[in-house]
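Work through the exercises below with the structure open. Try each task before reading its solution.

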Amino acid sequence: MSIATVLGTELLKLRRSRITWITFAVYAAMAAVAGLFQWMMKDPSAARTLGLMGQKATLAFGGQPVDWPTFLGFIVEMGGLGGLLMSAVIAAWVFGREYAEGTAKNMLALPVPRWHFVAAKIVVCALWLGLLTAWMLAAAVIAGALIQLPGLTASVLASTAGRLFGLAAMCLACAPLVAWVAVQTRGYFGPLGFAIGTLVLASVFGHTGWGPWVPWSIIGLCSGAAGPVTGLGAGSAAVVAGTFVLGTALTLGHEMGADNAQ
Amino acid sequence: MTDQSLAISTRGLARNYGDVAAVAGIDLHVRRGEIYGFLGRNGAGKTTTIRMLLGLVKPSAGTISLLGSSLDDDRRAVLSRIGYFVESAAAYPHLTVRENLDIQRRLTGSPPAAVDRVMDLLRLREYQRRTASRLSLGNRQRLSLARALLHAPELLVLDEPANGLDPAGIVEIRALLRRLSDEEGVTVFMSSHLLDEVEQLADRVGIIHDGRLVEEVDCRLLPAEETLEEHFLRLTTEMLRGETQ
C-alpha cells in the first residue's frame, strides 16, 4: 500500500464537505474586507456618505498611504493570524473528524501502516492551506485592481507572495500540535479550544520579550501585526521547526499506539 | 488441534483498565469456517475482546493468533485477511455509498469490481449515489457490512451486525453469513444481543461474563426444552446472583 494511495483517499474524503468551501469563502471575505478598508481610505468622503467612515475609522485609517504595498501588508497580517486559526480548523477537521464520525476505528484496523494516515493527513493540511493562501492572494489582487490602487510592481507582488506562503508554512508547522489535541480529545472541540488558546498566547507573548521564542507569537510577529519585524532569527526558526517535529511525533505516537480508537 | 486449524486462538487474553479487569484471561478457539457467537451482557467484555482481536486495544496479558499468525508479527498481512465491523455503523457522512466503499477498496488493494460485487450482495446498488448521512440505520449497517466484505476476507469479526436492521434485513444477513461460511469457508465471529438470531445462525457460542469465558455451547447440542436465550439468561442470572451473595 503506497502512501500515494492513502493520500488519494484522504483527498477523496474532502469531496462534498462544506468546510472546504467555508474556508475558501472566509479567505475571500478577508481579502474583500481588506479591500473595503483600502477603498474607505482612498475615498473617505464616499465612505462617509455611505455611513462606513465614523470618527474612529477616520482616526484609525488616517495618515496611512493608499497603495498596493499598504494593502498587501494588511493581507499579510491577515494571512498570519487568520492562517493560524485556519490551519487549526483544517487540522481539527482532518484529524478530529475520524473520531467525531466514528470512522477512526475502521481506519486504524486497516492493513495500512498507521503512519501513512498521519503523513497523508498532514500533506492534505499542507495542500489545503497552500491553496487557500494562493486563493487569498488572487482575491487580494482582484480586490486591489477593482479599487484601482496605485503602486503595483512585480517585486511587491513577489514579496507579498513569499511572505504569505512563508507564514502559511509556519502555520502548518503549528498544525500537528492541533492534530495531536484532536486525536487525544477525539473530536473537534478540544483542538478548536486549543487554537483559541494559542491565539491568546500569540497576542500575550507577542508584546513581551518572549515573543520570538513562542511559535504562535512568531507567526504574529512575522506577519507584521505587531509592527516592523524585528528580533526574529535562527532561534525562532528552530522553535517553529521544533513545534512541527514535536506535534508530528506526538500525533504519530498516539495513532501508532493501540489504544487509540473510539 | 494446531493453530493453523483455528481462525481465532487466544490464550489468557486480558485487559485491565486501572483496577478493573474488562477481560480477565480468556482462551478462545474458533475453528476455521465456523460461525461463532460471542455473547454477554452489557459490560461483559465483548467489545474490548473484539478490539483486542483487531489491534485497536492493547492486551494487558495473553496472546492472540488470527488465521495462524500473530498481529504483532505481521499486522498488515493478518488484517488484510480480516473483515470487521466494530460497534456502530460508521461511514463518512458526506460521501456516497459508492465513495465510502471506494475508499475501503483502495485501502485494501481490492479490484474496482469489488465495489459492485458487495453493493449487489448487500442490496445497496439503488443507494450508491446517496450520501451515508441520508441512509437509514439499517442501510448504514449494510454499508458497514459491505465494507467488511469488500476484500473477500477469510475471517469476519462483527460486533452487533444485525443492529438496526428490520426483520427482513436480519433474515437476509443471516442467509448471507450462512452462505459465506458454508460455500466460501469464511469464519464468522460475531457478538449480538439477538439471541434468537445467534441460535439460528451460529455453530457454537461462547458466553462471556465479567471478563471471563464462562461457557462454550454447541448450538446443535442445546436441549430441546431450552432455547439459547433461556440458557444464556439462566446462566448469567445465576452468575450475577452468585456475585451478589
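Two residues are in contact if their C-beta atoms, placed from the backbone, lie within 7 Å. The model is predicted.

**Exercise 1. Which helices of chain A do the buried residues of helix 10 pack against?**

Step 1. Find the helix. Helix 10 of chain A spans residues 215-223.

Step 2. Apply the burial cut-off. A residue is buried if 20 or more other C-beta atoms lie within 10 Å of its own.

Step 3. List the residues that pass. They are A:P215, A:W216, A:S217, A:I218, A:I219, A:G220, A:L221, A:C222 and A:S223. That is 9 of the 9 residues, so helix 10 of chain A is largely enclosed by the rest of the structure.

Step 4. Name the partners. The buried residues pack against helix 5 (68-100), helix 8 (154-185), helix 9 (189-206) and helix 11 (234-256) of chain A.

Step 5. Look just past the helix. A:G224 follows helix 10 of chain A and has a positive phi, near 90 degrees.

**Exercise 2. Describe how helix 2 and helix 7 of chain A pack.**

Step 1. Two packed helices are described by the angle between their axes and the distance between the axes.

Step 2. Read the values. Helix 2 (residues 18-42) and helix 7 (residues 114-146) of chain A pack at about 30 degrees, and their axes are 9 Å apart.

Step 3. Classify the angle. Angles under 35 degrees count as roughly parallel. Helix 2 of chain A is therefore roughly parallel to helix 7 of chain A.

Step 4. The crossing of helix 2 of chain A past helix 7 of chain A is right-handed.

Step 5. Inspect the residues. Helix 2 of chain A brings, among others, A:T23, A:F24, A:Y27 and A:A31. Helix 7 of chain A brings residues including A:L132, A:W135, A:M136 and A:A139.

Step 6. Sort the contact by class. It has 14 nonpolar residues, 3 polar and no charged.

**Exercise 3. In what order do the strands of the open sheet in chain B run, and which strands are at its edges?**

Step 1. Trace the order. The 6 strands run 6-7-8-4-9-10, with mixed pairing.

Step 2. Find the edges. Strand 6 and strand 10 (212-218) of chain B each pair on one side only. The twist averages 15 degrees from one strand to the next.

Step 3. Check two pairs. Strand 4 (residues 35-39) and strand 8 (residues 187-191) of chain B are parallel over 4 bridges. In this pair, B:F38 stands opposite B:S191. Strand 6 (residues 82-85) and strand 7 (residues 155-159) of chain B are also parallel over 4 bridges. There, B:F85 stands opposite B:L158.

Step 4. Helix 5 (residues 137-149) of chain B touches strand 6 and strand 7 of chain B. Its direction makes about 165 degrees with that of strand 6 of chain B.

Step 5. Examine the faces of strand 6. In a regular strand the side chains alternate between the two faces of the sheet. In strand 6 of chain B, B:I82 and B:Y84 are buried on one side, and B:G83 and B:F85 are buried on the other.

**Exercise 4. How many residues does each chain give to the contact between chain A and chain B?**

Step 1. Count by chain. Chain B gives 24 residues and chain A gives 23 residues.

Step 2. Find the helices on the chain B side. Helix 2 (71-79) and helix 3 (97-108) of chain B each supply at least two residues. Helix 3 of chain B gives the most, with 5 residues.

Step 3. Sort by class. The side of chain B that touches chain A has 13 nonpolar, 6 polar and 5 charged residues.

Terms used:
Residues numbered from 1 in each chain as written. Chains lettered and ligands numbered in written order. Predicted model: local features only at pLDDT ≥ 70, side-chain atom pairs only at ≥ 80, totals over all residues. Nonpolar A, V, L, I, M, F, W, Y, C, P; charged D, E, K, R; others polar. Buried ≥ 20, exposed ≤ 12 C-beta atoms within 10 Å, placed from the backbone. Pairing = 2+ DSSP bridges. Axes fitted to C-alpha atoms, helices over the stretch in contact; angles between N-to-C directions. Parallel < 35°, antiparallel > 145°, perpendicular 65-115°, else oblique. Left-handed = near helix turned anticlockwise from the far one by under 90°.
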